[in-house]
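User: I would like to learn how to read the features of a protein model one at a time. Please give the general idea before each case.

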Amino acid sequence: MPHLVQLQQLRDRLAGPLPGNPAHERMMPATRRTIYRDVQIPDDAKKSAVLILMYPGDEGLHFPLIERTEYPGVHSKQIGLPGGAWETEDADYIATALRETEEEIGVNRHQIEVLGLLSSLYIPPSNFWVQPVVGFVNARPTFIPDPNEVASVIETPLVWLQDPAIATESKIQHSSGMSLVVPSYIIHGHVVWGATAMMLSELSEIIHEL
């Protein structure tokens, strides 16, 4: 099947040098670029991991984004990837990403094949250091969102990341109360910005090379 060839190419590419910060910067708010280059990750940064979970769909490989529920926090109602904080039970950050994905959207962690890692990044507003993991399941999962954490699952064709029409700038209301104009992707009418957009920018560059 064609997607199997693409998966092997992706696995091989993830094992090599990654685009990293230059790819992140394309989707980084301008106000953060200088700060981001110079920032030192503090010792008390909270460690976390997220998963880009690929599966076959009508337009080739797809992956789920999630709309987070409303809560009193920095990432309330934002569009993100399934994932969360590292816990002492986790053997590594891959284990964190798989566990959190199972908890948040109900995909059995033992059915997920890990393809590799993207570049980690630090998110100053929430003091989170994040490791993105790329995985695959061989059939579309039955998503079971945790209603306490996930308002909706947004199924996204991977090929859309190559469409320049979805990349734009959007005016958003930051959790601090400030209005900002930020680079973003528009996916199924949702604004995807910040760290999630930065991770997807790196993935977009990688799949463009395949």
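Analyst: Start with strand pairing: two strands pair if DSSP finds at least two bridges between them. In this predicted model, β1 and β2 pair in the antiparallel sense over three bridges. Y55 and H62, the latter in β2, are bridge partners. The two strands form a hairpin, with two residues between them.

User: Over how many bridges does β2 pair with β8?

Analyst: β2 and β8 are joined by seven bridges, in the antiparallel sense. Within that pairing, E67 stands opposite S152 of β8. β2 also pairs with β3 (residues 79-80), antiparallel and over two bridges.

User: Why is β2 described as largely enclosed by the rest of the structure?

Analyst: The test is relative accessible area, and buried means under 20%. Eight of the nine residues of β2 are buried, so the strand is largely enclosed by the rest of the structure.

User: Next, cores. Which residues touch the most other members of the largest nonpolar core?

Analyst: A nonpolar core is a set of buried nonpolar residues joined through side-chain atoms within 4.5 Å. The largest one here has 35 residues, and M54 and L65 touch the most other members. At least two residues each come from α1 (2-14), β1 (46-57), β2 (60-68), β6 (121-123), β7 (128-136), β10 (179-187) and α5 (194-208). α5 gives the most, with eight residues.

User: What does L65 touch, beyond residues up to four places away in sequence?

Analyst: Leaving out those sequence neighbours, L65 touches I79, G80, L81, S152, V153, I154, T156, I187, V192, T196 and L200. There is also a second, separate core of 14 residues, with A49, L98, F143 and V150 among them.

User: Is M198 buried or exposed?

Analyst: M198 is a residue of helix α5, and at 0% relative accessibility it counts as buried. It also shows how sequence distance and spatial distance are read side by side: M198 and N21 are 177 residues apart in sequence, and their C-alpha atoms are 8.8 Å apart in space.

User: How is the length of a helix checked? What span should α4 have?

Analyst: The expected span is 1.5 Å times one less than the number of residues. Helix α4 (residues 93-105) has 13 residues and should therefore span 18 Å; its end C-alpha atoms are 18 Å apart, which agrees.

User: What is found at the two ends of α4?

Analyst: At the start, a side-chain oxygen of D92 comes to within 3.2 Å of the backbone nitrogen of I94. Just after the helix, G106 takes a positive phi of about 75 degrees.

User: Which residues of α4 are buried, and what covers them?

Analyst: The buried residues are T96, A97, L98, R99, E100, T101, E104 and I105. Their cover includes β1, β2, β4 (83-85), β5 (113-117), β7 and β8 (150-157).

User: R99 is on that list. Which side chain does it join in a polar contact?

Analyst: R99 counts as buried because its relative accessible area is 1%. Its side chain and that of D90 are joined by a polar contact of 2.8 Å. Not counting residues up to four places away in sequence, R99 touches A85, W86, E87, E89, D90 and R109.

User: Now another sheet. What is the strand order in the open sheet of three strands?

Analyst: The order is β9-β10-β11, with antiparallel pairing. An edge strand pairs on one side only, and here the edges are β9 (167-173) and β11 (190-192). Neighbouring strands in this sheet are turned by 60 degrees against each other on average, direction ignored. β10 and β11 pair over three bridges, and Y185 has V192 of β11 as its bridge partner.

User: Last, backbone angles. Where do N127 and H188 lie?

Analyst: Most residues other than glycine have a negative phi. N127, which is not a glycine, has a positive phi of about 60 degrees. It lies in the loop between β6 and β7 and is buried at 16% relative accessibility. H188, also not a glycine, has a positive phi of about 50 degrees. It sits in the loop between β10 and β11 and is partly exposed, at 49%.

How values were computed:
Residues are numbered from 1 along each chain as its sequence is written. This is a predicted model: local features need pLDDT of at least 70, side-chain atom pairs count only at pLDDT 80 or more; totals for chains, interfaces and linings use all residues. Side-chain values use heavy atoms; hydrogens and water are left out. Buried means under 20% relative accessible area, exposed over 50%, partly exposed in between (1.4 Å probe, protein chains only). Helices (H or I, at least four residues) and strands (E, at least two) are DSSP runs, numbered from the N terminus. Contact means heavy atoms within 4.5 Å. A polar contact is a pair of N or O atoms within 3.5 Å; within protein, one must be able to donate a hydrogen and the other to accept it, and residues adjacent in sequence count only if both atoms are side-chain atoms. Axes are lines fitted to C-alpha atoms, for helices over the stretch in contact, and angles run from 0 to 180 degrees between N-to-C directions.
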